[in-house]
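Dear colleague,

Please find below the structure that I am handing over to you, followed by an account of what was found in it. I would be grateful if you would read the two side by side.

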Amino acid sequence: MNQASIAAELLAALGGADNLVRLSCCATRLRVDLHDDTLLDRACLERLAPVVAVIEGSALGQHKAYQLVVAPGNAQSLYEALVKAGRLDQHEERGLLKGLGRRLFGSRD
């Protein structure tokens with residue numbers, strides 16, 4: 001399965017682009033904050049080949065944080081594929097998504 005297909009499945013399992021509050025990555029993880037964690041399909045995420053584990057984090061205000069541990073060397077390319085699949089704009093600071101800010105708060109990015 002190619003990165004674009006995996007990203008599309010990841011995005012769907014995360015509840016869609018509109019459910020993402022924040023997306024970032026490091027060497028082995030994708031970090032995701034969700035508006036509504038009831039839309040998360042954990043079983044689907046755990047079945048996807050590059051995902052090694054799904055770690056539930058703490059609630060950040062109204063949002064729930066998750067970390068997707070992926071095979072080494074895959075986090076950055078999956079992050080970029082998710083941004084492209086969700087048509088999200090990247091913001092250089094802390095992985096914030098400008099496109100989400102525009103959808104949520106008008107043009108305040």
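Arg42 and Glu46 form a salt bridge, their closest N and O atoms lying 3.2 Å apart; the term denotes a side-chain nitrogen of Lys or Arg within 4 Å of a carboxyl oxygen of Asp or Glu. Both residues belong to helix H2 (residues 42–47), where they stand four residues apart, about one turn of the helix. Helices (H or I, at least four residues) and strands (E, at least two) are DSSP runs, numbered from the N terminus. In general, an α-helix has 3.6 residues a turn, so residues three or four places apart point the same way.

Please note that this is a predicted model, in which local features need pLDDT of at least 70 and side-chain atom pairs count only at pLDDT 80 or more, while totals for chains, interfaces and linings use all residues. Residues are numbered from 1 along each chain as its sequence is written, and side-chain values use heavy atoms, with hydrogens and water left out.

Arg42 is partly exposed, with a relative accessible area of 30%, and Glu46 is partly exposed at 45%. Here buried means under 20% relative accessible area, exposed means over 50%, and partly exposed is in between (1.4 Å probe, protein chains only).

Arg42 also meets the side chain of Glu56 in a salt bridge (3.8 Å, N to O). Because Arg42 lies in helix H2 and Glu56 in strand E3 (residues 51–60), this pair ties together parts that are 14 residues apart in sequence. Glu56 is itself partly exposed, at 42% relative accessibility. Glu56 meets Lys64 in a salt bridge as well (2.9 Å, N to O), and Lys64 is buried, with a relative accessible area of 18%.

I turn next to the overall arrangement. The chain has four helices and four strands, and from the N terminus on its elements run α-β-β-α-β-β-α-α. Of its 109 residues, 39% are buried. Contact means heavy atoms within 4.5 Å; among contacts between residues at least 6 apart in sequence, 52% join residues at least 24 apart.

How do helices H1 and H3 lie relative to each other, and at roughly what angle do their axes cross? The axes of H1 (residues 3–13) and H3 (residues 75–85) come within 8 Å and cross at roughly 70 degrees. That makes H1 roughly perpendicular to H3. Axes are lines fitted to C-alpha atoms, for helices over the stretch in contact, with angles running from 0 to 180 degrees between N-to-C directions. Angles under 35 degrees count as roughly parallel, over 145 as roughly antiparallel, 65 to 115 as roughly perpendicular and the rest as oblique. On the H1 side the contact is made by Gln3, Ile6, Ala7, Ala8, Leu10 and Leu11, and on the H3 side by Ser77, Leu78, Ala81, Leu82 and Ala85.

The buried residues of H3 are Ala75, Leu78, Tyr79, Ala81, Leu82 and Val83. Their cover includes H1, strand E1 (20–25), strand E2 (29–34) and strand E4 (63–70). Just after H3, Arg87 takes a positive phi of about 55 degrees.

Two loop residues may also be of interest. Asn19 is placed in the loop between H1 and E1 and is buried, with a relative accessible area of 3%. Leaving aside neighbours within four places in sequence, Asn19 is in contact with Leu14, Asp33, Leu34, His35, Asp36 and Leu39. Ala71 is placed in the loop between E4 and H3 and counts as partly exposed, at 24% relative accessibility. Beyond neighbours within four places in sequence, Ala71 is in contact with Pro50 and Val52.

Finally, a word on confidence. The pLDDT is the predictor's confidence in each residue, from 0 to 100. The chain averages a pLDDT of 83, and 81% of the residues score at least 70. Over residues 92–96 the pLDDT stays under 50, and the model has 10 contacts for them beyond four places in sequence. Residues 98–109 also have a pLDDT below 50, and this stretch has 22 contacts in the model beyond near neighbours in sequence. Where pLDDT is low, the predicted coordinates should not be read in detail.

With kind regards
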